[in-house]
Amino acid sequence: MERVILHCDANAFYASVECLYTPSIRHSPVAVCGSVEERHGIVLTKNQIAKQFGVQTGEAIWQARQKCPDLICVPPDYALYIRFSRRMRRLYEEYSDRVESFGLDEAWIDLSNPGLTIRDGERIAHDIRLRVKRELGITVSVGVSFNKIFAKLGSDMKKPDAVTVISQDSFRDMVWPLPVGDLLFVGPATRRRLADMNVRTIGDLARFEAECLRSRLGKPGLMLKAYAAGLDRSPVMPADERMAIQSIGNSTTPPHDLETMADARCLYYLLAESVAARLRQEGLRARCVSISARNAELVTRSCQQTLPRATSLTGEIAQAAMRLFDRRFALNFPYRSVGLSCSALTPDDVPVQLDFLGDEAQRIKTERLESAIDGLRRRFGHQIVRRAVVLTDGQYAQINPKEEHTVHPVPFYAG
């Protein structure tokens, strides 16, 4: 049976929704941007008119306005975007029970059925494209292919409001000449490493010698080679199946740079509280803690540590983060933003080996205390209970990382 996979990508999603709800700005250059006052002043997305002026996602607002002085900047309305995302997903589920979201604005749809061809998939893709425009008032670009990777690539090839087909017969001609950075999961760092190996196109990657690639990039290199060669066989998740969470993390850009270890301790405890609360909410514990820090030049470094036992306790996660920070980052202040994540997750009902040298009774009391605090915060808000360590800086203490910095886990790539 021929696989027929669609990837639907809403064009300039945030900006399109804002223009839909504010008709007066529809024919102007528009960008949805973070708050300058909170130091999140970057372009999150822009409409097609702003794109024609050279405005780019991820650049600072002042840079965007140098290119486009008349740029209209609007703050994000995530509740509205989530509502639109759910409406799109319900529409997609009319065509298949195998629909897998990839962020708020993208989704794969598996149409595969006996007798259904890639050309049938193209026809359905056009039907979806027209229905989204008519019923929701925004546009999508759709890629149609025989696997998820190339369907995603297809949706990026023609924008806005277009359908692109990449078939078994055509992918070498269509895909292989493209820059290797266009392939899903080839980020800037991987692209630079591949360039050092003279791998510049997707075709170069597909033809590159496997053992050499393994020696330079490890198993992820072999996975990317398989993707480039059209060998992706990953399934589209059923619409009613909950995807396994691979990691839980959070990050924040505070009101001012981190200048001291006291600043770092305050922020990492804030982040650890949010991550630990999510772990408990999901019924999970973590064995690995990772941290990241971005300096004033916007260069990000990261490191990780395996814990002696799985945990969902704020103190244990924060202490591991601070040990890592002290060892790797403490000599290079200031930092603009920091992040913390936990991985190697296990269900919290899995039996564990007790530590006979530790105070297990105290640990159980702490778990109960943190669960009680979770309940208080659900009822009365995050700020109802705060740790003394986060009160050392009044501006930092106002941050609510659990609710203000929503994280959407993407478990498709587990490498």
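## A tour of salt bridges and a helix pair

Welcome! A search of the whole structure, which is a predicted model, turns up 25 salt bridges. Side chains of opposite charge can pair when their charged atoms come close.

**Stop 1: K159 and D9.** Select K159 and D9 and show their side chains. They meet in a salt bridge, with N to O at 2.9 Å. This pair ties together distant parts of the chain, 150 residues apart. D9 belongs to strand 1 (residues 5–10), while K159 sits in the loop between helix 6 (148–157) and strand 8 (163–166). Is D9 buried or exposed? D9 counts as buried because its relative accessibility is 6%, under the 20% cut-off. K159, at 36% relative accessibility, counts as partly exposed.

**Stop 2: D156.** D156 has a relative accessibility of 35%, so it counts as partly exposed.

**Stop 3: E211 and R214.** Now select helix 10, which spans residues 210–217 and holds both E211 and R214. The two residues are three apart, about one turn of the helix. Their side chains meet in a salt bridge, 3.7 Å from N to O. E211 is partly exposed at 47% relative accessibility, and R214 is partly exposed with a relative accessible area of 37%.

**Stop 4: a network.** Which residues are linked in a network of salt bridges? Select E273, R280, E370, D374, R377 and R387 to see them.

**Stop 5: helix 12 and helix 13.** Two packed helices are described by the angle between their axes and the distance between the axes. Select helix 12 (residues 261–282) and helix 13 (residues 314–328): their axes come within 8 Å and cross at roughly 140°. That angle makes helix 12 oblique to helix 13, and the crossing of the two is right-handed.

Next, show the side chains where the helices meet. On the helix 12 side, the contact residues are M261, A264, R265, Y268, Y269, A272, E273, A276, L279 and R280. Across from them, helix 13 contributes T314, G315, I317, A318, Q319, A321, M322, F325 and D326. Colour this contact by class and you will find twelve nonpolar, three polar and four charged residues.

Definitions and conventions:
Residues are numbered from 1 along each chain as its sequence is written. This is a predicted model: local features need pLDDT of at least 70, side-chain atom pairs count only at pLDDT 80 or more; totals for chains, interfaces and linings use all residues. Side-chain values use heavy atoms; hydrogens and water are left out. A salt bridge is a side-chain nitrogen of Lys or Arg within 4 Å of a carboxyl oxygen of Asp or Glu. Helices (H or I, at least four residues) and strands (E, at least two) are DSSP runs, numbered from the N terminus. Buried means under 20% relative accessible area, exposed over 50%, partly exposed in between (1.4 Å probe, protein chains only). Axes are lines fitted to C-alpha atoms, for helices over the stretch in contact, and angles run from 0 to 180 degrees between N-to-C directions. Angles under 35 degrees count as roughly parallel, over 145 as roughly antiparallel, 65 to 115 as roughly perpendicular and the rest as oblique. A crossing is left-handed if the near helix is turned anticlockwise from the far one by less than a right angle, and right-handed if clockwise. Contact means heavy atoms within 4.5 Å. Ala, Val, Leu, Ile, Met, Phe, Trp, Tyr, Cys and Pro count as nonpolar, Asp, Glu, Lys and Arg as charged, and the others, Gly among them, as polar.
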